[in-house]
Amino acid sequence: MSSIFVRGGVELRGRVEVSGAKNAVLPILAAALMAPSGVTRLESVPRLVDALTMVEVLEQLGVRAAWREDVLLLDAENLTASEASFHLVSKMRASVLIMGPLLGRLGKARVSLPGGCAIGARPLDLHLKGFSLLGAEIVLGHGYIEATASQLIGNTIYLDFPSVGATENIMMAACFAQGLTTIQNAAEEPEIVDLACFINGMGGRVEGAGTDTIVVHGRRPLHAQSYRVIPDRIEAGTYMVAAAITGGDLIIENVIPEHVISLTAKLREAGVTVHSLNDGMHVVSSGVIEPVDIKTLPYPGFPTDMQPQMMALLALACGTSMITETVFENRFMHVPELRRMGANIRTDGRSAVVSGVRALSGAPVTASDLRAGAALILAGLVAEGVTEVCGVGHIERGYVGIVPKLKSLGADIWLGQF
Ligand code: UD1
């Protein structure tokens with residue numbers, strides 16, 4: 001088992017390039033199943049464990065896949081199965097995104113019911129409500145969900161919460177439905193827009209992505225295409241916080257500045273200088289952090305996926321900040337670990353009161369999930385002494401080469417065995 005070790009105290013400087021977005025590529029990989037012939041060519045695919053797992057899911061369905069560096073070629077002409085096994089779904093929840101495309105293309109999909117995960121229960125009721133309003137029959141049993149439909153018919157689907165995954169799954173199934181499907185209270189995340197652009201590039205017609213009402217015109221002939229995935233706004237945000245927390249000066253390349261507006265606003269409130277560049281961000285910090293309050297919300301609100309990293313930063317602010325997590329019910333798993341490094345954080349339900357301390361001290365800590373792991377690395381970058389972050393597997397799910405990238409910015413960081 002390996003750990004990431006960080007010796008704190010270096011002000012990061014230089015340029016770092018952000019990879020393709022994990023949360024955009026996963027639904028796009030699922031959507032590649034919708035092309036009945038031809039080869040889909042995806043550029044800027046991050047070679048992350050989650051992307052590799054999704055490719056494995058596709059291969060089990062009969063898709064032929066080939067990598068050329070960060071370009072992935074997919075041929076989904078001959079699908080031989082319609083099931084994602086427990087083994088793969090338990091590795092990665094996002095594999096449930098194959099349901100919409102399979103239901104549409106084959107009339108059936110069977111996926112192992114994902115359990116809860118470290119950050120919450122994460123049910124699939126909204127995905128299933130959408131499929132059933134499109135005319136699918138849903139059966140739950142033996143730990144699997146099975147959806148079947150001889151034909152799908154467009155409908156109006158109101159989501160009780162703007163779920164990212166449900167919006168994506170329903171959008172993809174609706175491409176095969178007769179007539180129009182309207183998704184109300186849809187998620188507005190940039191990854192939803194990217195999926196809509198991908199579908200439209202295949203010949204589909206999705207309108208309104210990026211707003212709360214999405215209209216899908218069904219049964220348009222779809223074909224394979226070439227497509228470039230958007231940059232990862234959460235990876236970008238993590239490096240922005242790395243500059244802020246270390247009192248550094250970083251240019252973060254391959255960022256769409258509009259995708260990080262909420263983080264930019266909060267970093268500026270905290271006293272950090274942030275400039276938008278053409279395709280990047282320039283972040284300069286004196287290391288003095290003002291306290292700020294944060295409430296996570298669906299996009300364009302503050303992303304829950306940046307909450308742990310911001311908590312690490314605010315643990316060193318000169319005052320008290322309040323963080324409220326409204327998206328997931330159990331997303332404070334990093335708090336006890338940050339406390340072990342000397343942070344002063346109290347939680348009560350979905351709120352955390354973060355009283356800034358003068359310094360953190362390096363300690364062995366465990367990453368319970370991906371973004372918690374990122375937060376602990378950030379804390380380690382400024383902590384006195386060495387921090388050992390265990391649970392590297394979680395971190396590798398979402399950050400391409402985080403150790404070499406931070407090293408190239410001057411960080412004293414290395415991968416080692418414990
Ligand atoms: C996606 C992202 C994840 C991010 C999250 C919120 C991917 C692969 N993952 O996850 O990184 O943290 O969006 O921005 O894109 N919910 C229900 N019923 C449902 C579906 C969701 O109650 O049917 C609830 C969830 O339990 C959670 C909230 O809705 O509390 C948000 O979940 P959702 O937006 O669906 O997140 P994911 O798509 O799983």
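Student: Leaving aside its neighbours within four places in sequence, which residues is aspartate 70 in contact with?

Tutor: This is a predicted model, where local features need pLDDT of at least 70, side-chain atom pairs count only at pLDDT 80 or more, and totals for chains, interfaces and linings use all residues. Residues are numbered from 1 along each chain as its sequence is written, and side-chain values use heavy atoms, with hydrogens and water left out. Contact means heavy atoms within 4.5 Å, and with neighbours within four places set aside, aspartate 70 is in contact with Leu42, Glu43, Ser44 and Val45.

Student: Is aspartate 70 buried, partly exposed or exposed?

Tutor: Aspartate 70 is in the loop between strand S4 (64–68) and strand S5 (71–75); helices (H or I, at least four residues) and strands (E, at least two) are DSSP runs, numbered from the N terminus. Buried means under 20% relative accessible area, exposed over 50%, and partly exposed in between, using a 1.4 Å probe and protein chains only. The relative accessibility of aspartate 70 is 37%, so this residue counts as partly exposed.

Student: Which residues touch the most other members of the largest nonpolar core?

Tutor: A nonpolar core is a set of buried Ala, Val, Leu, Ile, Met, Phe, Trp, Tyr and Cys residues joined through side-chain atoms within 4.5 Å. The largest one has 76 residues. Its largest share, 7 residues, comes from helix H1 (residues 22–31). Those touching the most other members are Leu29, Met34, Leu42, Met54, Ile98, Leu152 and Met171.

Student: How many residues are in the second, separate core?

Tutor: That core includes Leu12, Leu316, Phe332 and Ile402. In total, its residues number 71.

Student: How are H5 and H6 oriented relative to each other: roughly parallel or roughly antiparallel?

Tutor: Axes are lines fitted to C-alpha atoms, for helices over the stretch in contact, and angles run from 0 to 180 degrees between N-to-C directions. Helix H5 (residues 125–133) and helix H6 (residues 164–174) pack at about 20 degrees, with axes 8 Å apart. Angles under 35 degrees count as roughly parallel, over 145 as roughly antiparallel, 65 to 115 as roughly perpendicular and the rest as oblique. H5 and H6 are therefore roughly parallel.

Student: How do the residues of the contact of H5 with H6 divide?

Tutor: Leu126, His127, Gly130 and Phe131 in H5 meet Gly165, Ala166, Asn169, Ile170 and Ala173 in H6. Ala, Val, Leu, Ile, Met, Phe, Trp, Tyr, Cys and Pro count as nonpolar, Asp, Glu, Lys and Arg as charged, and the others, Gly among them, as polar. The contact residues divide into 5 nonpolar, 4 polar and no charged.

Student: Which residues make the contact between H4 and H6?

Tutor: Helix H4 (residues 99–106) and H6 pack at about 15 degrees, with their axes 7 Å apart. That makes H4 roughly parallel to H6. The contact is made by Met99, Gly100 and Pro101 of H4 together with Asn169, Met172 and Ala173 of H6.

Student: What is the phi of arginine 219?

Tutor: Arginine 219 sits in the loop between strand S13 (213–217) and strand S14 (226–228). Most residues other than glycine have a negative phi. Arginine 219 is not a glycine, yet its phi is positive, about 55 degrees.

Student: Is the peptide bond from tyrosine 299 to proline 300 cis or trans?

Tutor: Proline 300 lies in the loop between strand S18 (294–295) and H10. Most peptide bonds are trans. With omega near 5 degrees, the bond from tyrosine 299 to proline 300 is cis.
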